[in-house]
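Visitor: I would like to learn how to read this structure, one feature at a time. Where do we start?

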Amino acid sequence: MIANHPVERADALVVGAGIAGLQAALDLADQGFQVVIVERQPSIGGHMINLSKVFPTLDCASCITTPRMASTAHHPNIQVFTYSEVDSIRPVGDRFQATITRKPRYIDEDKCIGCKRCEEACTVYLPDEYDHSLGAKKAVSIPFTNAIPQYPVLDMDECFLCGGCARACPTDAIDYLQKPETFQLEVGAVILATGYDMTPMDAKSQYGGGKLPNVISPWQAERLLAPHGPYGGVLRPSDGKIPDSIAFVQCAGSRDASLGVPYCSRVCCMYAIKQAMLLSGSLPIADITIYYMDIRAFGKGYEQFYQSAKAMGIEFVKAKVGRIREDEEHNPILRIERQEGDSAPEEVRHDLVILSLGMVPAWIPDRDGIVPLQTGSDRFLLSPKPRISPTLTTLPGVFACGAATGPKDIVDTIVEAGAAAMQAAAHLQRTLAGAAK
Amino acid sequence: MSEIPNENPVHGTPEKEEVRVGVYVCHCGGNISDVVDVQKVAEEVGKHPDVKVSKHYMFMCSDPGQQLIMEDIRRNGINRVVVSACSPFLHETTFRKALQRAGLNPYLYEHVNVREQVSWVHKGKPESATEKTIRLTLAGVEKVARQDPLEAIRVEAEQHVVVIGAGIAGMRAAVSAARRGLRVTLIEKSDRTGGRLNELSTLYPDNESAQTVVDELTAMVQSDQNIDLCLNSRLTMIDGYVGNFTVGFEMQSPEGPVTRQIRAGAIILATGYRHYEPFEGELGYRQSPDVLTLPEFNRLLETTPPGELMNLNGRPIRHVGFVHCVGSRQVEGVHQPQPDGKVNDYCSRVCCTAALHAIHRLMDKHPGVRVFDVYRDIRTYGRGHEDLYEEASKRGVLFFRHTEENQPVVRLNESSNGRPRHTLAVQDVLTWNEEVEIPVDLIVLATGMMPNDISGIIQTMKLPVGADRFLQEVHPKLRPVEVANNGVFLAGTCQGPMDAIEAVAAGEAAAVKASILLSKGMIEMDPFVARVREEKCTGCELCLAECEYRGALTMAESADGRKVARVNPALCAGCGACAAVCEPRAIEIAGWSLDQFDAMVDALVAH
């Protein structure tokens, strides 16, 4: 259920409502445990809900995510807090005390009926982070069509306080004076499903430092390919032209010690191949090139997916991309060094370039002082005994899954979420039995 | 086998309420609407007299999409629902639950598959695709208009899980299920636990001792009173259905073989993998003792005395060549197929890092050895794996990359003159595509994974198997550790290549599904099984002769003393073989009656 009011006790706290958190919460709740989910974004669904289609089945991402979102939102054993932060998690005996802050939406959730009239009335346009700034949203808006819950958030930093939304609201739900609300929650187990961020676009000045309009992030590519995307098709951002020549730069944020990301991010080869296939579907005459170091198509059905991309005519070039600049028409020009054959460095022009960025942890609990847990040199959470369970953390009763424990694709994330739910259930069974004695 | 009363008799025709069908056409985020004119479909189907609302929406399966249906049920008196969307495998249950939440019998629902059956297969023909969608949807309307409310079949579930295979995935699954209070029988064919991990000394990337892992998990298994570990055991039978499986096995004991039968609510398959075995002559394998598979090399490395160089039968080993992708990423027409005619076109996921790990262990023990690594792509994807690759480069391992068309070649020589005697030839794309001849003393083939041969279990249980011969999950994201057989779960490498950490996670995920399934004590199953109109049954027994599911159909006496067919709903698979031979139409499948089929066919062929 969507919770609008504080909860004092539950069996388990799940931090993060991306695909990992949703699956872990459902797997616990379906066994009869009471679960509280805390999600920092205004909607559950995580990164996955932003994606177009997913490899290797090419199912639409929403088709996999939204049913889990709906099951979570309607589950009698689950209470969901969105737009809320976990401030701290402290062990108290066998149990944990969590401090949670509900950030103000400036909307009275008890009154709001999700009619969007506030959004229609608002006159302030802002970049839409759901569309990764390719589109616009209002200063008061429901984050996206499938968002759960369907409550708008008012961006107080950008609001003119014109009062238009408050006048338009049929239920008097706009509350300009709403304050953050902090409450305490006691639980027997915690699952951290705090996910990942991508390496920033401006991390590499050699690749334009995020300033070249037609050098875009994989998120933006997902939105261009999504059926309800900002442009209703694949157009390049600088001039709205349909791109004829598109390139992917692999390992643009991974396997690169200069970025502090020496590791492989594990998903970029596959998402680039998938995006390339989708692009060639929507732009059949476009040339699509993937510049790569190694193609790491290691999961079930992934190698076959890679081979079919090659058969579709997507060009795979083993090359290092040293530098990206643009010409006066904003066409990206890549300076590449082919690693196959005997060619000197050359410059290649494309209409649109996608940087295959890597994964970094979204949340470093130890650094943020929220809960003392050990992380690896890669800053992801560390299991002290990964072969007893990869979901253990250095604090008994706290478990982790998904990208919180390292870059991971959706399939591996969902399996690991089940594993974390299993660990938490067994832990709860043991401690609850102990408490009963 | 437990007797289950016929809980699904034909209801008398209730007072006919007005049929009010709601039709919802899903865009499937473009998957359907890019090809099919969904608005036209909604308009055309909306003209059917029974259809009271007809809508199209971007994502029907999303919460707002489901709310649309629920609102129409509550506010507009809709009492039958048709959704034209993806495969029912994905979301039939999703929408049934929405009906239930809105207070409607969940079986008054028809899911029409217009993605796999229309938009994905008629991409270039939007007009006829739209026409086909209209007809299929109208057929769904006709079917659901003739649908009775049905009740789910409920069976009691044994609080017992059988886990087959006591490698790390199976042990982990057993321990997890047991800790949730389930009784577990862990059946292992060999005389020890740990499976393939017993072949390894240390594990990548952190060099944890494999024996430590096996010992710790084994101790957890042995100390748990809920787990019955049965070594030296051979399966003899698997029968029954979800909640009530019977698993028979023969256990070798010092007193001779013991036969046992276990009743279980769920089965977890953790039957593991075997190594790809190269054909004779494949890269010199079995033509020279100097060509080894990676598992063979790992064993050898355990026995060599430490020293600057490796010593093999009195001969110093200076140069070792490693070849990746042996038995993986194979290409049809290039590689020799397996007996089933197929090559292994998949990536085995673990061999790149396993080979690099072996290279480091070799160089740790024998620092004077030079290593040459021949690969297509280095797939060190996991946590800490890339470091092994980086370090190998720094330690002087030379890497050569070939394409799928130009596979490396091994040339064996008898005499050595004190130099490395064999040649590993590779067309190296990193150095001008020239053929490089690498002189080597020893060649190690990084062999891939294949599933263990469990054809007996697969045939008995009719388990789904993928083109890669591994067991096939229902859906990699929706139901990643479940097979289509209810109550049967997958743990570890029987499903596909995994490393130890991944296999353990899969074992826990399988256990959580078993725990969810059995936690309520009762299991609900769909009621799409045979039912008999006893007044029409002539007792001819033709249906019994056709039925392939033991115990599903029996002959019984009716209230008026006639011999009639009777159904055990828990054992009936709803295949319809009985209905096909029943001349008086006395037996039919609930939810799939012949009247419904007649009406659907009429709708499909109508002008």
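The dialogue below goes from the whole chain to single residues.

Guide: First, the ground rules. This is a predicted model, in which local features need pLDDT of at least 70, side-chain atom pairs count only at pLDDT 80 or more, and totals for chains, interfaces and linings use all residues. Residues are numbered from 1 along each chain as its sequence is written, while chains are lettered from A and ligands numbered from 1 in the order in which they are written.

Visitor: How many helices and strands does chain A have?

Guide: Helices (H or I, at least four residues) and strands (E, at least two) are DSSP runs, numbered from the N terminus. Chain A has eight helices and 23 strands.

Visitor: What does the radius of gyration say about chain A?

Guide: Take the radius over C-alpha atoms and compare it with the globule rule, 2.2 Å times the number of residues to the power 0.38. For 437 residues a compact globule would come near 22 Å; chain A has 23 Å, which agrees. Along the principal axes, the C-alpha atoms of chain A fill a box of roughly 75 × 60 × 35 Å.

Visitor: What percentage of chain A counts as buried?

Guide: Count neighbours: a residue is buried if 20 or more other C-beta atoms lie within 10 Å of its own, exposed if 12 or fewer, and partly exposed in between, with C-beta atoms placed from the backbone. In chain A, 56% of the 437 residues count as buried.

Visitor: What share of the contacts in chain A links residues 24 or more positions apart?

Guide: A contact means two C-beta atoms, placed from the backbone, within 7 Å. Of the contacts in chain A with a separation of 6 or more, 68% fall in that group.

Visitor: Which domains does chain A have?

Guide: The bounds come from an automatic or database domain assignment. That assignment gives domain 1 (1–103 + 180–195 + 362–437), domain 2 (104–178) and domain 3 (199–359). Over C-alpha atoms, the centres of domains 1 and 3 of chain A are 32 Å apart. Their contact takes twelve residues from domain 1 and 19 residues from domain 3. The domain 1 side divides into six nonpolar, two polar and four charged. Here Ala, Val, Leu, Ile, Met, Phe, Trp, Tyr, Cys and Pro count as nonpolar, Asp, Glu, Lys and Arg as charged, and the others, Gly among them, as polar.

Visitor: In what order do the five strands of the open sheet in chain A run?

Guide: Strands of a sheet pair through backbone hydrogen bonds, either parallel or antiparallel. Two strands pair if DSSP finds at least two bridges between them. The order in chain A is β5-β2-β1-β13-β23, with parallel pairing. The edges are β5 (78–81) and β23 (398–400) of chain A; each has a single partner strand, so one side of each lacks a neighbour in the sheet. The twist averages 20° from one strand to the next.

Visitor: How many bridges join β1 and β13 of chain A?

Guide: Four bridges join β1 (residues 12–15) to β13 (residues 189–192) in chain A. L13(A) stands opposite V190(A) in β13(A).

Visitor: Which strands does helix α1 of chain A lie across?

Guide: Axes are lines fitted to C-alpha atoms, for helices over the stretch in contact, and angles run from 0 to 180 degrees between N-to-C directions. Helix α1 (residues 19–29) of chain A lies across β1, β2 (35–38), β5 and β13, running at about 170° to β2(A).

Visitor: How many residues does each chain give to the contact between chains A and B?

Guide: Chain A gives 59 residues and chain B gives 61 residues. The elements of chain A that give two or more residues are α2 (61–74), α7 (302–311) and α8 (410–436). The largest share, 13 residues, comes from α8(A). The chain A side divides into 29 nonpolar, 17 polar and 13 charged.

Visitor: Is Y106(A) buried or exposed?

Guide: Y106(A) counts as buried, because 21 C-beta neighbours lie inside 10 Å. Its phi is near 65°, a positive value in a residue other than glycine. H330(A) also has a positive phi of about 65°. H330(A) is partly exposed, with 17 other C-beta atoms within 10 Å.
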